[in-house]
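Subject: Structure handover

Hello,

Here is the structure you asked for. My notes on it come after the file.

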Amino acid sequence: MTSFPPLLFAGRRYAVLGLGNNGAPAVRALATMGASVRAWDDNAAARQALGDIPGVTLAPFESLDGMDALVLSPGIPHVLPKPHPAALMAREAGIPILSDADLLYQAVRRAGSRARFAGITGTNGKSTTTALLAHMLATAGIPVAAGGNLGPASLSLPCLPDDGVYVLEMSSYMLERLQDLHFTVACLLNLTPDHLDRHGDMDGYLHAKWHIFDSQRSGDLAVIGFGETPDASVSRMVDKLAASGDRVLTVSGQSPDADLSGAGGILRDPTGEIANLAEAPALPGAHNAENAAAATAMALALGVPRAAIAPALRSFVGLPHRQKPVATIEGVLFIDDSKATNADSSSRALNCYDRLVWIAGGVAKAGGIADLAPHFPRIAHAVLIGRDAPALAETLAAHHVPYTLAGTMEAAVPLAHDLARQTGATTVLLSPACASFDQYKSFEHRGRHFADLVHGLAGTKGEG
């Protein structure tokens with residue numbers, strides 16, 4: 001792993017709008033590779049944090065004339081619900097609007113590296129699958145760098161040698177801004193309603209996700225997850241990809257009909273058993289069985305020996321805020337699943353525990369938690385926080401699920417412990433089914449606060 005050559009983008013000019021987790025690293029990397037960059041963020045603190053960088057001009061965009069591309073941070077819309085003025089400016093001038101992941105691909109190829117790219121998307125599970133695939137590659141001795149929507153921004157990753165693999169988590173926002181990026185292996189795990197304000201409807205959302213397969217060639221691998229049973233839409237996806245010459249594999253955590261399946265807790269393909277998932281403690285539940293199947297399909301295609309898969313699954317430690325055990329207090333296990341920002345993600349966690357106290361709430365997504373009704377019998381009591389707690393309460397009341405409006409996490413944690421002790425539940429699960437932005441900076445911030453409060457409670461009980 002090395003740095004990119006300093007003159008790789010010499011003579012190129014880029015505009016970068018938004019100086020957050022993706023934008024600021026993009027500015028630094030492009031300038032380090034010799035490009036001229038014009039950058040802006042309406043937030044003065046973000047501009048100040050960037051500092052003075054040779055080759056970088058901090059100024060609002062009055063014109064994009066002469067620019068080779070506009071790099072928009074993922075959260076800035078270029079079409080729906082309303083395009084940012086800079087995006088309109090770029091479209092009128094015929095200037096491409098790119099993801100930083102696309103520029104990483106261009107940099108790798110300009111540097112002469114033939115490193116391969118693996119792309120992972122889906123409404124849920126993509127972060128775990130990205131980290132797991134990277135772990136499998138690393139344990140097999142294959143040079144790897146992981147990032148994108150997860151962890152390091154794409155343009156902060158190093159230059160890998162020819163045998164290296166970039167494992168990129170790709171959001172729908174990033175995928176709709178690709179131009180050149182070619183994924184040797186690409187995976188669409190699942191698709192449930194999310195980000196519909198940005199994509200208009202489910203067809204728009206699917207279209208954005210589908211871009212992950214755009215540049216694949218004959219012999220590349222496309223992996224499609226289908227959950228419990230394949231439906232007509234999955235069949236259409238598989239047929240469409242196969243017709244274009246892609247090699248297609250289906251994966252599932254529940255159905256033995258998939259090419260790679262984790263049904264019954266045993267990961268297998270047509271050749272036979274690969275691993276016993278009961279030996280992978282960081283991957284509980286059918287949803288993680290599907291994540292494991294997807295990562296395995298890609299890992300095998302990228303050269304990881306079959307015999308190395310089971311040890312890699314066993315040694316995987318998981319990701320923060322994804323069903324992460326925090327502490328056990330007086331026989332009650334507290335689980336941090338703050339990453340569950342929609343109902344579908346929470347359903348995966350709820351399905352893993354027989355009886356629990358559920359902490360949920362925040363900014364609800366379209367549809368709220370109505371789809372979680374099949375899991376409600378598992379809930380001894382729900383403790384609700386955040387802006388949309390009253391709306392969630394209405395759904396719970398309609399299904400006769402006991403609930404309490406706690407309002408804040410400070411009130412919810414000790415209350416949940418008391419309720420677990422009273423009801424005989426052995427688990428308190430924070431799996432909010434909602435976004436965090438009403439009370440927190442991010443789901444990570446929410447999860448850390450939860451863990452801090454749990455540890456504080458453990459201290460008062462003499463178990464800290």
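The notes below cover a pocket, a cavity and some salt bridges.

Please bear in mind throughout that this is a predicted model.

I looked at the second largest pocket, whose volume is about 680 Å³. Its lining is made up of 28 residues, and those closest to the centre are Asn190, Phe226, Gly227, Glu228 and Arg348. Sorted by class, the lining of this pocket has ten nonpolar, twelve polar and six charged residues.

Among the elements that supply at least two lining residues each are helix H8 (202–210), strand S10 (221–225) and helix H9 (232–243). Helix H10 (285–301) and helix H12 (343–350) also supply at least two each.

The cavity

The count of cavities of 30 Å³ or more comes to one. The largest cavity holds about 70 Å³ of space. Thirteen residues line it, and Leu72, Ser73, Pro74, Ser99 and Asp100 are the ones nearest its centre. Strands S1 and S4 and helix H6 (172–175) each give two or more residues to this lining.

By class, the cavity lining consists of seven nonpolar, four polar and two charged residues. As for domains, domain 1 (13–98) and domain 2 (101–315) each provide at least three residues of the lining of the largest cavity.

The salt bridges

Side chains of opposite charge can pair when their charged atoms come close. How many salt bridges does the structure hold? There are eight, and I describe three of them here.

One joins the side chains of aspartate 68 and arginine 12, at 3.6 Å from N to O. Aspartate 68 sits in the loop between strand S3 (56–58) and strand S4 (69–72), while arginine 12 is in the segment before strand S1 (13–17), so the pair ties together parts 56 residues apart in sequence. Both partners are partly exposed: aspartate 68 has a relative accessibility of 25%, and arginine 12 has 24%.

Another salt bridge is formed by the side chains of glutamate 279 and arginine 314, at 3.4 Å from N to O. This pair links distant parts of the chain, 35 residues apart: glutamate 279 is in the loop between strand S14 (272–276) and H10, and arginine 314 is in helix H11 (residues 309–315). Glutamate 279 is partly exposed, with a relative accessible area of 40%. Arginine 314 also counts as partly exposed, at 42% relative accessibility.

A further salt bridge brings together the side chains of arginine 378 and aspartate 354, at 3.7 Å from N to O. Arginine 378 lies in the loop between strand S18 (363–364) and strand S19 (379–385), and aspartate 354 in the loop between H12 and strand S17 (356–361), so the pair ties together parts 24 residues apart in sequence.

In this pair, is aspartate 354 buried or exposed? Aspartate 354 counts as exposed, because its relative accessibility is 69% and the cut-off for exposed is over 50%.

Regards

Methods: Residues numbered from 1 in each chain as written. Predicted model: local features only at pLDDT ≥ 70, side-chain atom pairs only at ≥ 80, totals over all residues. Heavy atoms only, no water. 1 Å grid on protein atoms, 1.4 Å probe; cavity = no way out; pocket = protein on both sides within 12 Å on 5 of 7 lines; lining within 4 Å. Points joined across faces, edges and corners; volume = space filled by probe spheres on them. Helix = DSSP H or I, 4+ residues; strand = E, 2+ residues; numbered from the N terminus. Nonpolar A, V, L, I, M, F, W, Y, C, P; charged D, E, K, R; others polar. Salt bridge = Lys/Arg side-chain N within 4 Å of Asp/Glu carboxyl O. Buried < 20%, exposed > 50% of the residue type's maximum accessible area, 1.4 Å probe, protein only. Domains from an automatic or database assignment.
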